[in-house]
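Colleague: Please take a close look at one part of this model for me: salt bridges, and what surrounds them. Keep it brisk, and give me the cut-offs as you go.

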Amino acid sequence: MNSLEQILAANRQFVEHLPSSYESEENDKMPNRHLAIFTCMDTRLVEFLEPALGLGRGEAKMIKNAGNTITGPFEAIMRSLILSVFELGVNEIIVIGHHDCGMANTTSQGLTAKMLARGISPDAIKMVEHSMEKWLDTFHHPEDNVKEVVEKIRTNPLIPKDVPVHGLMFHPRTGKIEVIVDGYSAANIK
Ligand code: ZN
């Protein structure tokens with residue numbers, strides 16, 4: 001069975017025996033805790049981060065990418081956050097980095113070498129070379145990245161000043177959270 005067949009087989013079972021807890025009418029697209037969480041796509045966070053934060057289905061917008069990075073004032077993550085605030089009732093944003101993040105060991109040089117080895121055209125790589133360096137070679141410490149990303153969101157002119165932006169670090173083995181940036185004090189909210 002390939003991956004897609006495996007997923008489809010699991011889905012048939014799932015749909016047939018759908019637990020009643022998933023059928024609740026109360027769950028819709030508006031996050032009922034008015035939260036947007038921006039975190040890393042690391043596999044260890046799947047089904048681990050949400051329970052560690054006490055968050056259930058329907059409670060928060062979950063936005064993810066590699067290393068919870070933001071590369072510009074109106075790039076994909078910022079768009080999702082802006083939409084969350086203005087269209088989906090989000091009034092608080094939490095950036096969550098994690099220890100042992102793979103992004104800290106990824107470089108544009110290493111990625112370029114792997115792309116070339118897989119037959120990607122050098123011209124295509126050349127076109128994104130500069131963005132790739134800006135994206136990968138500036139990420140050294142997950143904690144510093146959280147601080148920088150919080151700052152980028154907080155100072156983005158398209159994000160209202162009264163939206164607190166917190167920065168947390170998560171441990172992918174113990175599940176422990178540490179507060180890096182308390183968004184209430186930065187936004188002057190008690
Ligand atoms: Zn990560």
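Modeller: Start with accessibility: buried means under 20% relative accessible area, exposed means over 50%, and partly exposed is in between, using a 1.4 Å probe and protein chains only. This is a predicted model, so local features need pLDDT of at least 70 and side-chain atom pairs count only at pLDDT 80 or more, while totals for chains, interfaces and linings use all residues. Residues are numbered from 1 along each chain as its sequence is written, and side-chain values use heavy atoms, with hydrogens and water left out.

First, the setting. The protein has seven helices and five strands. These are DSSP runs, numbered from the N terminus: helices are H or I with at least four residues, strands are E with at least two. The order from the N terminus is α-β-α-β-α-β-α-α-α-β-β-α. Of the 190 residues, 34% are buried. The C-alpha atoms fill a box of roughly 55 × 50 × 35 Å along the principal axes.

Now the charged pairs. Side chains of opposite charge can pair when their charged atoms come close. A salt bridge here is a side-chain nitrogen of Lys or Arg within 4 Å of a carboxyl oxygen of Asp or Glu. The structure holds five.

Take Asp100. Its side chain meets that of Arg44 in a salt bridge, at 2.9 Å from N to O. This pair links distant parts of the chain, 56 residues apart: Arg44 sits in the loop between β1 and α2, Asp100 in the loop between β3 and α4.

Arg44 is partly exposed, at 34%. A disulfide is a covalent bond between the sulfur atoms of two cysteines. With the cut-off set at sulfur atoms within 2.5 Å, the structure holds zero disulfides.

Check the backbone here too. Asp100 has a positive phi of about 60 degrees, although it is not a glycine. Glu47 has a positive phi of about 60 degrees as well, and it is not a glycine either.

Another pair is Arg33 with Glu59, at 3.5 Å from N to O. Arg33 lies in the loop between α1 and β1, and Glu59 in the loop between α2 and β2 (60-65), so this pair ties together parts that are 26 residues apart in sequence. Arg33 is partly exposed, at 40%.

A further pair sits within one helix. Lys126 bridges to Glu129, with the closest N and O atoms 3.2 Å apart. The two are three residues apart in helix α5, so about one helical turn separates them. Lys126 is exposed at 58%, while Glu129 is partly exposed at 33%. Helix α5 covers residues 122-136.
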